[in-house]
Amino acid sequence: MLKNFQKLWKKYSFILLLIFIFLSLFDFRFAVAAGVCMAAPVILAIFKGRYWCGNICPRGSFYDHVVSRFSNKRKVPEFFKSYIFRAFILTAMMTMFTLGVRDNWGDLYGIGFVFYRMIVITTVIGITFSLFYNHRTWCHFCPMGTLASLISVLRKNKKVLHVSDDCVSCKICEKQCSLGIIPYKYKGSAINHADCIQCGKCVISCPKKSISY
């Protein structure tokens, strides 16, 4: 029952993103709900790494099931994955967000607009980059994803994907990973890459069933 719900959520939760954008046009106070999608991935990262990004995030679902249909599917440049670039994006966006909330403090409509503007602009950026690279390009330098990634480096949770010794390095899993991780290189050990969003695409694609929790 729970697994079926998880599958449905991963596939259709992007509808919540569309509803969020639509309702917030009529009342920006609805947009404050976006705070959940800012805090949750960071908090969950303490226990499960970037699990939120690959399994719960409505925008991640949008990229996987809508944007992927027309994305370029090219590999993302290494520069976008660097922590220097990601730190710049994180600092710039959090500064603009914080200043926006400060300037509208006490005005829920104004604060809601700050949330709405941030979600819409970053979603459009993600769609735009997908036209040049793969559908999850934004996820490489998403501010919340970056924070979750940093937490993943420090966390000690062992519930991560593991590649068994049966792996034959056929490289099929590499082609399925939108974050540019190479699962077969972790043969005989856990895929402890800080940016693994645990979407499970490598698990499904593996012909030897060598990848699992």
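Predicted model: local features only at pLDDT ≥ 70, side-chain atom pairs only at ≥ 80, totals over all residues.

Residues are numbered from 1 along each chain as its sequence is written, and side-chain values use heavy atoms, with hydrogens and water left out.

Next, select where the domains meet. Here 21 residues of domain 1 are in contact (heavy atoms within 4.5 Å) with 11 residues of domain 2. About 1,100 Å² is buried between them, with carbon and sulfur atoms giving 44%; buried area is the accessible area (1.4 Å probe) that two parts lose on being put together, summed over both. Now show R50, R136 and H140: in domain 1 they lose the most area to domain 2, together 31% of what that side buries.

Now for the charges. There are 4 salt bridges between domain 1 and domain 2, each with a side-chain nitrogen of Lys or Arg within 4 Å of a carboxyl oxygen of Asp or Glu. Zoom in on D195 and R86, whose side chains form a salt bridge (2.9 Å, N to O).

Last stop: helices, which are DSSP runs (H or I, at least four residues) numbered from the N terminus. Select helix 4 (51–55), helix 7 (83–103), helix 9 (137–141) and helix 10 (143–154): each supplies at least two residues of the side of domain 1 that touches domain 2. Helix 4 gives the largest share of that side, 4 residues.
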